[in-house]
Amino acid sequence: MDGAQTPSIGWFHSLSLPGGEVTPGVKSAELLGVEADVVFRHGVAGKRVLDIGAWDGFFSFEAERRGAAQVLACDHFCWSGDGWGTKAGFDYAHERLGSKVETRECDVQQLSPEAVGTWDVVLFLGVLYHVKDPMRCLEQAASVAGELLVVETATALDVLPWPVMRYYQGADLGNDPTNFFAPNRRCLEAMARDLGFSRIEMTIHPLLRPHWRAPELYWKHSRVFMHAWR
Ligand SMILES: C[S@@+](CC[C@H](N)C(=O)[O-])C[C@H]1O[C@@H](n2cnc3c(N)ncnc32)[C@H](O)[C@@H]1O
């Protein structure tokens, strides 16, 4: 069916829906499957999961499919109408999947235990480089993570021996003017430790060639997943 029923939706995620329909997302089903295997590698069954920046909801629906006890998907930029997309894709998939994932329109900067409670697992995937105040936003995400925070982000300057973050002027990162900062892995880990996480696991994106492996790539960016436990 290949998205035939959803021509007006600008899909980000390629979602596999009942009846063989696959939504025509920017991120392929193969890429998302590989990422999900990293994100959920420590299991999510029985856990309460908060997905910050869910957009079309792939990781929320995947957490539900893998047995999460409760899932709350939240987003701000896209769902509020200011971003590249809308909530229409999420709502369509939610209906087609018969999903029980709950939703909340919420800026990461508004997250707090008082606002949304605390969650066993918090997903903060593909959002950090979109915010103008990354340490503050990481702190807000961390504040609602009871057990595990999973961050996926662009990284830069991993060849440097200090914890540093790169600022991207204009649309320099990915030709997208809503991208601002990319930390290096040392920086991401240092921020997480300063926010009270004691065990950190870094996983290089399995499908990308890390920029620190080849001199001609040194000044480009890479992507990593960080699992951080309290
Ligand atoms: C690159 S997409 C990532 C989507 C999904 N998490 C993934 O990894 O495939 C970035 C998402 O972050 C959301 N976002 C951007 N700024 C945000 C903010 N301040 N608070 C909450 N979500 C935000 C966008 O609306 C968008 O859905």
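A residue is called buried here if 20 or more other C-beta atoms lie within 10 Å of its own, exposed if 12 or fewer do, and partly exposed in between, with C-beta atoms placed from the backbone. The model on screen is predicted, so local features are given at pLDDT of at least 70 and side-chain atom pairs at pLDDT 80 or more, while totals for chains, interfaces and linings use all residues. When selecting, count residues from 1 along each chain as its sequence is written.

**The whole chain**

Begin with the protein chain in cartoon view, where 6 helices and 9 strands can be found; helices (H or I, at least four residues) and strands (E, at least two) are DSSP runs, numbered from the N terminus. The radius of gyration of the chain is 17 Å, close to the 17 Å that the globule rule gives for 230 residues, so the chain is as compact as a globular protein of that length; the radius is taken over C-alpha atoms, and the rule is 2.2 Å times the number of residues to the power 0.38. Along the principal axes, the C-alpha atoms fill a box of roughly 50 × 40 × 30 Å. Of the 230 residues, 43% are buried. Contacts (C-beta atoms, placed from the backbone, within 7 Å) that join residues at least 6 apart in sequence link, in 61% of cases, residues at least 24 apart.

**The ligand and W55**

Select the ligand next, together with the 19 residues that surround it, of which G53, W55, F77, C78 and G126 are the closest; a residue counts as near if its C-beta atom, placed from the backbone, lies within 6 Å of the molecule. Coloured by class, this shell shows 10 nonpolar, 5 polar and 4 charged residues, where Ala, Val, Leu, Ile, Met, Phe, Trp, Tyr, Cys and Pro count as nonpolar, Asp, Glu, Lys and Arg as charged, and the others, Gly among them, as polar.

Stay on W55, which sits in the loop between strand 1 and helix 2. W55 is buried because 28 other C-beta atoms lie within 10 Å, and its phi is near 50°, a positive value in a residue other than glycine.

Move to S14 in the segment before helix 1, which is buried because 21 other C-beta atoms lie within 10 Å. Leaving aside residues up to four places away in sequence, S14 touches V22, T23, P24, G25, K27, S28, A29 and L32.

Then select helix 1 (29-39), in which L32, E35 and V39 are buried. These residues cover an arc of only 65° around the axis, which puts them on the same side of helix 1, the arc being that of the directions from the helix axis to the C-beta atoms. On the other side of helix 1, E30 and D37 are exposed.

A C-alpha to C-alpha distance from H42 to S143 gives 21 Å, for a separation of 101 residues in sequence.

**Strand 9 and its partners**

Select strand 9, which is mostly covered, with 7 of its 9 residues buried. Strand 5 pairs with strand 9 in the antiparallel sense over 9 bridges, pairing being called when DSSP finds at least two bridges between two strands; V151 stands opposite M226 in strand 9. Strand 8 (residues 199-204) also pairs with strand 9 in the antiparallel sense, over 6 bridges, and here R199 stands opposite W229.

In the loop between strand 5 and strand 6 (165-167), stop at L157, which has a positive phi of about 60° although it is not a glycine. L157 is buried because 21 other C-beta atoms lie within 10 Å.

**Helix 6**

Finish with helix 6 (residues 185-194), whose buried residues are R185, C187, L188, M191 and A192. Seen down the axis, these buried residues fall within an arc of 165°, so they line one face of the helix. They pack against helix 5 (134-143), strand 5, strand 6, strand 7 (181-183), strand 8 and strand 9. After helix 6 comes G196, whose phi is positive, near 100°.

Methods:
Contact = placed C-beta atoms within 7 Å.
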